[in-house]
Amino acid sequence: MHSDIRSLEPKALWNHFADLNAVPRPSKKEARVIAFMRQFGEGLGLETTEDSVGNVIIRKPATAGMEGRTTVVMQGHLDMVHQKNAGTTFDFDAQGILMLLDGDFVRADGTTLGADNGIGVAAIMTILSSTDIPHPAIEALFTIDEETGMTGAIHLEGGLLHGSIMLNLDTEDDRELTIGCAGGIDVTGTGKYTPSLAAGLTAYKIIVNGLTGGHSGMDIHLGRGNANKLMNRILVQAADRFGLRIHTVDGGSLRNAIPRESFAIVGVSPSQAAELEAFVKAEGAAIALEHHTTDPNLQVGISQVSSPAHYLDTDFQGKLLRVVAAVQNGIHRMSPDIAGLVQTSNNLARVLVADGSYSIQCLTRSSVDSEKMDLARSIAGTMELCGALVATSGNYPGWTPRPDAAIVKLMTDLYTDTFGHAPSVNACHAGLECGILGKNYPEIEMISFGPNIVGAHSPDERVQISSVHKFWGLLLKTLAAI
């Protein structure tokens, strides 16, 4: 880690972020970071509890003179998305994040940074550890598993929190105050197939990589390429034109990240090998040209490899390719009520075909629950056309905006007075925990804000230093004014 990061202002916040990033914290493997947070709270002499699923709650009394103010819940999630570049060697289960300064940004060395939601968590830690920051009574809620199911928020029991205002610090644009978000549901199709013997084929590895990727909610409107869709586009045409046979396909990684890479092992008759090579190169050039604005580093490559003995049966292969082609990806519908807001979308997150099994994984999002479920059913029906067994999981609700809430007016006025212009008060297409938490705490007023984080859920993730300073100042003014 670049030692200068600990010298950035506000120092306490950046030091807490560095300490947090030294702890491996993949989703569903949060035991170490839960222990870290408990030790942090207990070390400060604050009331610290862990609930039945691993959420940590740390309570701090109000500072002198603010005892009569309403209790404020400050909330962030402990887990982070784990993504790395193909050429990066890194063990997320054992290593802390390697951070670097890059001008006005902090980034990681070939991996995700964990600013989502580590900066928000560090800000809460800074308030808890402070001795000179005025604030009302604080209930700091650190949830688990936000990135892969929101199970921490889902299983948080009612009655544990007593605050009437919640500050969620998980927004990634410092110009925005977020007051609503999309819900989501995972749609996964799985199945078995019988590999077919095929001798005498010339085998190739086809690679689609270098895409920009990003957050499958916040970035879905940017039109970035999906590696699974682009690989399938190549395979469909090559199968029709050259009788290409597929051995394996491995594309995408996390359900909430736009796929950046896909790899396939294929075979073709030696008499058509040269034509396949030429086609892949030509199609790759066309794809790169189509995506030169959104994905300037996109690459499509083909190289000869040792031929495997087994490939997909041609009938099943044809069905599978056409199902992947038909599964909707990207924006399904824009909001008719909020300008510029994606209402419903789908991310074709993962396609894996190997060793007699296949899996097609999607994350469907919408701020309208009925439309979300309708699109999920449509995707499920498409997957079933190749015989897939389809399961839905991780269903979570959206967060209905309350623009007239007192905390919204307070923060809008504070932002305008501080920065000389009004913030954008809006809803987002990401899945925030506020909608889930609001089910057990329906009376609590909620708002989400944070600093500029670019490229979340990808190895390009970086957080803007000057924006963290801006966000921190707004947070301090909000706590003083509540």
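## Largest pocket

The lining of the largest pocket divides into 11 nonpolar, 7 polar and 6 charged residues; Ala, Val, Leu, Ile, Met, Phe, Trp, Tyr, Cys and Pro count as nonpolar, Asp, Glu, Lys and Arg as charged, and the others, Gly among them, as polar. A pocket here is an open set of points on a 1 Å grid over the protein atoms alone, where a 1.4 Å probe fits, with protein on both sides within 12 Å along at least five of seven lines; lining residues have an atom within 4 Å of a point.

The volume is about 570 Å³, taken as the space filled by probe spheres set on the points. Of the 24 lining residues, Asp173, Glu176, Met218, Asp219 and His221 are the closest to the pocket centre. Strand β20 supplies the largest share of the lining, 3 residues.

## Basis

The model is predicted: local features need pLDDT of at least 70, and side-chain atom pairs count only at pLDDT 80 or more, while totals for chains, interfaces and linings use all residues. Residues are numbered from 1 along each chain as its sequence is written, and side-chain values use heavy atoms, with hydrogens and water left out.

## Ser345

Ser345 lies in strand β17 (residues 342-354); strands are DSSP runs (E, at least two residues), numbered from the N terminus. Ser345 counts as buried because its relative accessibility is 1%, where buried means under 20% relative accessible area (1.4 Å probe, protein chains only). The side chains of Ser345 and His429 are joined by a polar contact of 2.7 Å, that is, a pair of N or O atoms within 3.5 Å, one able to donate a hydrogen and the other to accept it.

Note on methods:
Helix = DSSP H or I, 4+ residues; strand = E, 2+ residues; numbered from the N terminus. Buried < 20%, exposed > 50% of the residue type's maximum accessible area, 1.4 Å probe, protein only.
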